Amino acid sequence: VIHAVVMGPDLKTDAATIARATRAVLAMADKHRITSIALPAFGTGVGHVPAPESAEAMLREVVGHLKTGQSSLRRVVFVLYQDDAYRAFTETLKRLGGVQ
């Protein structure tokens, strides 16, 4: 388990913080040579960040990271319980070009 801090003591967050937390998780995964990871939609619960905003921040980081070809990660799974989050992540991944 890699703990990602996306909210401050005020229980608020934003896209920049979500992107930073995503980068930190990816770096930690590579540091420990992890090959697969599962992530929730950061900030969309208590943080009240709209799913499309979380998807954009997270997927830009993940896609960019994987496209370098230098990552130990071979599989990244997003665990999305709400339909709006699933749609947002799916649409954003398609738009960003995704990775195989």
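This is a predicted model: local features need pLDDT of at least 70, side-chain atom pairs count only at pLDDT 80 or more; totals for chains, interfaces and linings use all residues.
Close-up 1. A polar atom of the Thr13 side chain lies 2.3 Å from the backbone oxygen of Val6. Thr13 sits in the segment before helix H1. With a relative accessibility of 16%, Thr13 counts as buried, because the cut-off is under 20%. Beyond neighbours within four places in sequence, Thr13 contacts Val6, Met7, Ile18, Gly43, Gly47 and Val49.

**Close-up 2. Helix H1, its length and its buried residues.** H1 has 17 residues, so at 1.5 Å a residue it should span 24 Å. Its end C-alpha atoms are 24 Å apart, in agreement. The buried residues of H1 are Thr17, Ile18, Ala19, Ala21, Thr22, Val25, Leu26 and Ala29. Their cover includes strand E1 and helix H2.

**Close-up 3. The largest nonpolar core.** This core has 23 residues. Ile18, Ile37, Leu39, Phe42, Met58 and Phe89 have the most contacts inside it. Helix H1 (15-31), strand E1 (36-39), helix H2 (51-67) and helix H3 (83-96) each give two or more residues to this core. In soluble globular proteins, nonpolar side chains tend to be buried together.

**Close-up 4. Contacts of Leu39.** Leu39 is among the core residues with the most contacts inside the core. Setting aside residues up to four places away in sequence, Leu39 touches Val25, Met58, Val62, Val76, Val77, Phe78 and Val79.

Terms used:
Residues are numbered from 1 along each chain as its sequence is written. Side-chain values use heavy atoms; hydrogens and water are left out. A nonpolar core is a set of buried Ala, Val, Leu, Ile, Met, Phe, Trp, Tyr and Cys residues joined through side-chain atoms within 4.5 Å. Buried means under 20% relative accessible area, exposed over 50%, partly exposed in between (1.4 Å probe, protein chains only). Helices (H or I, at least four residues) and strands (E, at least two) are DSSP runs, numbered from the N terminus. Contact means heavy atoms within 4.5 Å. The expected span of a helix is 1.5 Å times one less than its number of residues. A polar contact is a pair of N or O atoms within 3.5 Å; within protein, one must be able to donate a hydrogen and the other to accept it, and residues adjacent in sequence count only if both atoms are side-chain atoms.
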